[in-house]
Every structure is written in structure tokens, then in C-alpha cells.
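Reader: Could you walk me through this model, one question at a time?
Author: Gladly, let's look at it together.

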Amino acid sequence: MSDLSEKLQSLQMEMPGWCIAPTEELVLGYEKQFGLTLPPDYRAFLAEFGGCLVNASAPFQEPTPFGRNGIVDHFFGFMPEARSCCDVRANTARIEGAPDVVAIAGDLMGGMIWLKCTGIDTGNVYYYDHEQRASWPDERFNAHFSALSSDIENYLALRRQNQLPQKTAGYANLYRMAATFSGFVSSLERDA
């Protein structure tokens, strides 16, 4: 059993019966459809494990407006059309920046985890905040939540003091989770 397989088993990985079993041919077709070359570690994962459900979280490598860990409920894979919400191709097509980034995983609240496929940060894994909380004023946080976690309070304090890490154009709502896909999987911890 490979280290990756052992890690996924520890996260209670489940391959649902309704997903299409991943193959090298499906991965090649995905790369061809989007005109991209996947990082080798993610490519191997997608060909063997794409479409699995997990029960995990992973830490962020920078302050976020939503806490220190991101939830991972499923890795996108190859799905029949009726299950396109979990299909790697359908979710990548939804990303405005594809094929520079591709959708690799998600959570039950609609959050997505992206993998960078081009540029100086090729291979990096980012969480995309679809609620775009980086642009929320402090008042909106206080209006939506009766009690903010200390992590969010810290983020807001750093923002007020102009001490958040500088973001490159287009990265305002992306939060780095790992420098490689393998590093991302290694950082996953099973949720209770």
C-alpha cells in the first residue's frame, strides 16, 4: 500500500459506486480538453483516486477571514452528468482562470480547492473563498456572526494594521494551503 493510499484510508476515504472509475485515459482526456499539463503528483492521484469522499481538514499557510483550517469533504473526479457537481471537468470549467488553475476538491458549503498548473507557483494548492470575505468590511463580520473566533479576530486586526501578506493581482480570495499536491494531502487530518 502506498503512502498516499494509507493517508487516504486514515481519512476514511470512500469511492462512491456512482462515480466513474478513474483511468489514465480519462486523465489524458481532461488534460487535452483544457489544454493543460497537470503536476505529476496530482495527475497520479487523479488517475487512481479521483472522485473519493473524505472526512478531513487542512491548515492554511496564511491568515484567512474564516479560520485556520479548511474542510475537505471530497476530491473531484470523473462523474456521470447527473453528478456533475463533483466532476473535475465540470468544476474546472466553472473557474474563470482555468486552465491556469483546476478544481481538485471541495467542501459541503460550496468552497473549492484549486491547484495551480502554470506560472511560478505551479503545483501550489489554494482554497478559493467564493464568499470573497477579504473584501468584507469589519462591520459585515460583526453583523453576520454574534461571536467571532480568535482566528478571525486576528485576521481583522492584521488587516486593520496593514500587516496581511501582500497578494498578487487575482489572488485576493485565494489562500495557500500547500506548495505541492503531495504536501496538501500530507497535511490533511481526519475530522471527528
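Reader: Which residue just after α6 takes a positive phi?
Author: This is a predicted model, where local features need pLDDT of at least 70, side-chain atom pairs count only at pLDDT 80 or more, and totals for chains, interfaces and linings use all residues. Numbering runs from 1 along each chain as its sequence is written, and side-chain values use heavy atoms, leaving out hydrogens and water. Helices (H or I, at least four residues) and strands (E, at least two) are DSSP runs numbered from the N terminus. The residue with a phi of about 60° just after α6 is N162.

Reader: Which residues of helix α6 are buried, and what do they pack against?
Author: Buried means under 20% relative accessible area, exposed over 50%, partly exposed in between (1.4 Å probe, protein chains only). In α6 (residues 150-160), I152, Y155, L156 and L158 are buried. They lie on the same side of α6, because their arc around the axis, taken from the directions to the C-beta atoms, is only 160°. With contact meaning heavy atoms within 4.5 Å, the buried residues pack against α5 (138-144) and β6.
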